[in-house]
There are 2 protein chains.
Amino acid sequence: MNCEPIGTVYTPFETTSEAPRQGFRGDAEGVVEVDPPYREGLVGFDGDRVEVVWWADRADRSLLTLDRDADRGVFTSRSPARPNPVCVTECAVLSADPAAGRLRLDGVDMADGSPVVDLKAPITTHCWDDDST
Amino acid sequence: MNCEPIGTVYTPFETTSEAPRQGFRGDAEGVVEVDPPYREGLVGFDGDRVEVVWWADRADRSLLTLDRDADRGVFTSRSPARPNPVCVTECAVLSADPAAGRLRLDGVDMADGSPVVDLKAPITTHCWDDDST
């Protein structure tokens with residue numbers, strides 16, 4: 001199953017080990033740039049949060065247990081190191097320019113230059129009382 | 001970027017259009033079966049919720065705007081139809097047998113037989129007050 005990058009995310013982190021363990025724990029700003037062929041997918045974008053699905057292209061895909069704890073499988077964690085390094089980070093949207101394919105985000109935890117494979121409207125609450133999704 | 005299936009999810013829904021728009025809106029039960037080479041990734045699994053990352057293999061990858069609303073890009077939604085049909089569903093865990101690679105889940109919204117590409121510990125609260133992730 002082939003994933004094509006739809007864009008790239010730029011962050012202050014050279015590697016994921018420099019990033020906060022989850023983006024919301026920090027307040028790092030970053031930018032998603034969507035490639036021209038996919039920009040139409042942002043039509044009508046007006047969300048204040050977005051789920052960024054990105055590919056941890058420098059992650060070790062051979063690991064099945066955590067480096068720091070061999071008794072915990074990678075599927076019990078959100079570590080980028082896993083057979084398919086598809087990562088999901090929910091960020092706050094600081095500004096959006098859909099026509100330019102550009103989202104400025106707060107709460108990023110990606111390595112700089114990581115390929116973006118998807119953007120989604122977040123499920124805005126885990127209390128299951130929201131009707132917008 | 002190549003995704004290998006790590007397993008398969010079995011649900012009551014032949015297509016995603018039969019499924020609730022988000023799994024948590026329904027109470028359908030399903031089963032994830034992790035393939036033998038990846039079962040070690042479930043070592044120590046004891047979560048009561050899990051994020052299932054799955055591949056909507058029957059989705060239309062050519063769509064950039066919603067079928068039901070051409071003024072909304074796919075990146076403003078969670079529709080399975082999108083350039084990379086990577087979907088993320090957070091489910092409740094009814095029972096888990098890590099050695100057998102089997103998770104019985106509540107709140108599924110996948111089409112039956114969809115490939116699973118990843119399993120993750122959910123971020124358990126969007127109030128950002130949880131310290132477990």
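B:Arg104 touches B:Glu29, B:Gly30, B:Val31, B:Ala92, B:Val93, B:Leu94 and B:Ser95, leaving aside residues up to four places away in sequence; contact here means heavy atoms within 4.5 Å. This is a predicted model, in which local features need pLDDT of at least 70 and side-chain atom pairs count only at pLDDT 80 or more, while totals for chains, interfaces and linings use all residues. Residues are numbered from 1 along each chain as its sequence is written, chains are lettered from A and ligands numbered from 1 in the order in which they are written, and side-chain values use heavy atoms, with hydrogens and water left out.

**More about B:Arg104**

- You can find B:Arg104 in strand β7 (residues 102–106) of chain B; strands (E, at least two residues) are DSSP runs, numbered from the N terminus.
- B:Arg104 counts as partly exposed because its relative accessibility is 33%; buried means under 20% relative accessible area, exposed over 50%, and partly exposed in between (1.4 Å probe, protein chains only).
- B:Glu33 is 71 residues from B:Arg104 along the chain, yet their C-alpha atoms are separated by 8.9 Å.

**Where the two chains meet**

- In the interface, 57 residues of chain B are in contact with 57 residues of chain A.
- The two chains, B and A, bury about 5,100 Å² between them, with 58% of it on carbon and sulfur atoms; buried area is the accessible area (1.4 Å probe) that two parts lose on being put together, summed over both.
- Four salt bridges are found across the interface of chain B and chain A, a salt bridge being a side-chain nitrogen of Lys or Arg within 4 Å of a carboxyl oxygen of Asp or Glu.
- A:Arg78 and B:Glu51 form a salt bridge through their side chains (3.1 Å, N to O).
- On chain B, the elements that give two or more residues to the side touching chain A are β3 (49–55), β5 (69–73), β6 (86–97) and β8 (114–120).
- β8(B) gives the most to that side, with five residues.

**How the copies are arranged**

Methods. Helix = DSSP H or I, 4+ residues; strand = E, 2+ residues; numbered from the N terminus.
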